[in-house]
Amino acid sequence: MSATPLLSAAGLHVTFPGRRGAPAARAVDGVDLDIRPGEIVALVGESGCGKTTLARSLLGLVPPTSGAVTFGGRPLDYRSRALKAYRKRVQLVLQDPSGSLNPRHTVYDAVSEGLRIHGYAGDEREAVAGALSRAGLRPPERFFLRYPHELSGGQRQRVVIAGALVLDPELIVADEPVASLDASVRGEILALLLSLRDELGLSALVVTHDLGLAWNIADRVAVMYLGRIVETGPAEQVLTTPQHPYTQALLSVLPESGEQPVILTGEPPDPSRIPGGCRFHARCQILASGEAARAGVNSACRTTPLPVLTGAEEAQVACHWAAAAHAPAPAS
């Protein structure tokens, strides 16, 4: 895997103006994130944490308020012609295949649409057949004239993936790619994404609320809370030895964790009123239990902001308590 990022966000902010004089909502509030060639990164967090807005900004669908997105080392150009070329190389796979497929279009029409938008000059039929085959719909010709209602949920999701693959992208952004599928089909789609990485060198950003999915598919995990990445690193390290209390709470509710579930109190704060200090402190089980006070960081958790994590590959955490727990002991 190349150490040079394919896609990078640096100091990314996306702010939405408030209505009728209300404060602006800081949906993405300072994010550094790198995705390298041939790498699957899982972006994990609760609903409303900003992960979908971040993904849309990386796709060029939502221009950042500040900060920069680069692809292949070049800044993303938001002019329409440049964005069209960019979206050929970076494709979106949506959560609900039923909603993203036109019920009046055949499978062939759905997969070939991108080729026609981008003025493909090659053999269209051959390209569509190749994309369907790579997506696991074989023999592809058997699916050409079928309509979405004639397919299973897993087959519809494979058609959506084929529609992305037909343009030979270098990276796909998959927003909750298996959330609407039965458990028996989820594993098949995840195995498909892994095979595309291994066979095609395809990179992927998988947006999900499910840390179990991240465990099964991701090379690296980035955990997002209230507009910020609060923990990131290799999937095995983050998911077996989580450092941030938020990551620990998300993992504790997985059936296979063997942990006592941590039930977070309240809802995440309003992104237009982000609290001072650690933005998780109002819901933090470590602070509530007194562990933060025993570590001497009780005040820091409530008042001292944490730095933006870098996009580096190594494990990182934005947490006063975790930093204190791993600080070297003073010399005697």
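Predicted model: local features only at pLDDT ≥ 70, side-chain atom pairs only at ≥ 80, totals over all residues.
In strand β8, the side chains of Ser-203, Leu-205 and Val-207 point one way, those of Ala-204, Val-206 and Thr-208 point the other way, and all of these residues are buried. Strand β8 covers residues 203-208, and because six of its six residues are buried, the strand is largely enclosed by the rest of the structure.

The neighbours of β8 may be considered next. Strand β3, residues 40-44, runs parallel to β8 and is joined to it by five bridges. Within this pairing, Ala-42 stands opposite Val-206 of β8. Strand β7, residues 171-175, likewise pairs with β8 in the parallel sense, over five bridges. Here Ile-172 has Ala-204 of β8 as its bridge partner. Both of these β8 residues, Val-206 and Ala-204, belong to the set that points the other way from Ser-203, Leu-205 and Val-207.

Together, β7, helix α7 (residues 183-200) and β8 form a β-α-β unit, which is right-handed.

Side chains of opposite charge can pair when their charged atoms come close. The structure contains 15 salt bridges. One of them joins the side chains of Arg-186 and Asp-210, with an N to O distance of 2.9 Å. This pair links distant parts of the chain, since Arg-186 lies in helix α7 whereas Asp-210 lies in the loop between β8 and α8 (211-217), 24 residues apart. Arg-186 has a relative accessibility of 23% and therefore counts as partly exposed. Asp-210 has a relative accessible area of 18%, and is therefore buried; the cut-off for a buried residue is under 20%.

The side chains of Asp-34 and Arg-36 meet at 3.7 Å, N to O, and Asp-34 and Arg-36 are both buried. In the salt bridge between Asp-270 and Arg-273, the closest N and O atoms are 3.5 Å apart. Asp-270, with a relative accessible area of 37%, is partly exposed, while Arg-273, at 54% relative accessibility, counts as exposed. Salt bridges also link Arg-26, Asp-29 and Arg-279 in a network.

Key. Residues numbered from 1 in each chain as written. Heavy atoms only, no water. Buried < 20%, exposed > 50% of the residue type's maximum accessible area, 1.4 Å probe, protein only. Helix = DSSP H or I, 4+ residues; strand = E, 2+ residues; numbered from the N terminus. Pairing = 2+ DSSP bridges. Right-handed = clockwise from strand over helix to strand, strands pointing away. Salt bridge = Lys/Arg side-chain N within 4 Å of Asp/Glu carboxyl O.
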